[in-house]
Amino acid sequence: MSAFHALPAWPVPSLPVAGRAERFPVRRIFCIGRNYADHVREMGGDPNRGSPIFFMKPADAIVTDGQPLPYPPATGDLHHEVELVCGLGTDLRPWGFGVGLDMTRRDLQAKAKAAAAPWEIAKAFEGSAIVGPLLPAAEWSGPTTQVLSLTVNGQVRQSSPLDHMIWSLEEILGELGKLFTLKPGDLIFTGTPAGVADVQRGDKLEARVEGLPPLNAVVV
Ligand code: MN
């Protein structure tokens, strides 16, 4: 019985940790846009490095490995964006790494861009942050040249070395730190390479980064 909260409090969103029983608690989800030149070009942008573009998702938008992703409402163009994801520890350094999918209602994002409106309805819906198990940072040599990839129904859709990022993870953390007080449990989505495309109900997604636990998701 809690005498403190006016409503029953909900559990802290969390991610599994590879090889451990303990889970990684998720505080906030920060995402960078336009962080691979080939993806910037496919979206019609200029890949010359200006200021980084950041947006956020709520922590309870998390879907973990193996959970179904319900096709969200209000879209006919749900896109995958495979990304390296980093979770911050109590020292505000990378605690662990995993593979993520920044799911995007692309039709709503296009309307938002055209109207110079915010991106939340395109990026921050329930189930929009699919993240695999985290591997503790000490157990991985990246991020350097490891390949990030996504297959849909066994067909390769996206594939790129991680060192093709325009803003490195260190630079992303530095830029975010000018804007926010980063905290333990914050997750960082580090951007997606070219090949973003739509998914349909029944599609099976398998996202990988070399050396990290794979991420599997099915759209239902
Ligand atoms: Mn993204």
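The dialogue below treats the metal site, the cysteines, a serine, the aromatic pairs and a sheet.

Modeller: This is a predicted model, in which local features need pLDDT of at least 70, side-chain atom pairs count only at pLDDT 80 or more, and totals for chains, interfaces and linings use all residues. Residues are numbered from 1 along each chain as its sequence is written, and side-chain values use heavy atoms, with hydrogens and water left out.

Biologist: Which residues are the protein donors of the manganese ion?

Modeller: Donors are N, O and S atoms within 2.8 Å of the metal (3.2 Å for Na, K and Ca); because water is not among the atoms, sites may look incomplete. Here the protein donors are Glu81 (OE), Glu83 (OE) and Asp102 (OD), at 2.0 to 2.2 Å from the manganese ion. Their spacing in sequence is E-x1-E-x18-D. Glutamate 83 belongs to strand β8 (residues 82–88) and aspartate 102 to strand β9 (residues 94–102), so this pair, 19 residues apart, links distant parts of the chain. Helices (H or I, at least four residues) and strands (E, at least two) are DSSP runs, numbered from the N terminus.

Biologist: Are glutamate 83 and aspartate 102 buried or exposed?

Modeller: Buried means under 20% relative accessible area, exposed over 50%, and partly exposed in between (1.4 Å probe, protein chains only). Both glutamate 83 and aspartate 102 are buried.

Biologist: How many disulfides does a search of the whole structure find?

Modeller: A disulfide is a pair of cysteine sulfur atoms within 2.5 Å. The search finds 0 disulfides. For cysteine 31, the closest cysteine sulfur is that of cysteine 86, and because the distance is 13 Å, it is too far for a bond. Cysteine 31 counts as buried because its relative accessibility is 0%, and cysteine 86, also at 0%, counts as buried.

Biologist: With which side chain does the side chain of serine 14 make a polar contact?

Modeller: A polar contact is a pair of N or O atoms within 3.5 Å; within protein, one must be able to donate a hydrogen and the other to accept it, and residues adjacent in sequence count only if both atoms are side-chain atoms. The partner of serine 14 is the side chain of arginine 23, at 2.7 Å. Serine 14 lies in strand β1 (residues 14–16) and, at 18% relative accessibility, counts as buried. Contact in general means heavy atoms within 4.5 Å. Leaving aside neighbours within four places in sequence, serine 14 is in contact with Arg23, Phe24, Pro25, Val26, Ile62 and Thr64.

Biologist: How many aromatic pairs are counted?

Modeller: A pair of aromatic rings is described by the distance of the centres and the angle of the planes. Rings of Phe, Tyr and Trp (its six-membered ring) pair if their centres lie within 6.5 Å; planes under 30 degrees apart count as stacked, over 60 as edge-to-face and the rest as tilted. The count comes to 4 aromatic pairs. One of them is the tilted pair of phenylalanine 55 and tryptophan 119, with 5.6 Å from centre to centre and 55° between the planes.

Biologist: What is the order of the strands in the open sheet?

Modeller: Two strands pair if DSSP finds at least two bridges between them. The open sheet of 5 strands has the order β6-β17-β16-β13-β14, with mixed pairing. Its edge strands, β6 (68–69) and β14 (155–161), each pair on one side only. Strand β6 runs parallel to β17 (residues 215–219), joined by 2 bridges, and proline 68 stands opposite valine 218 in β17.
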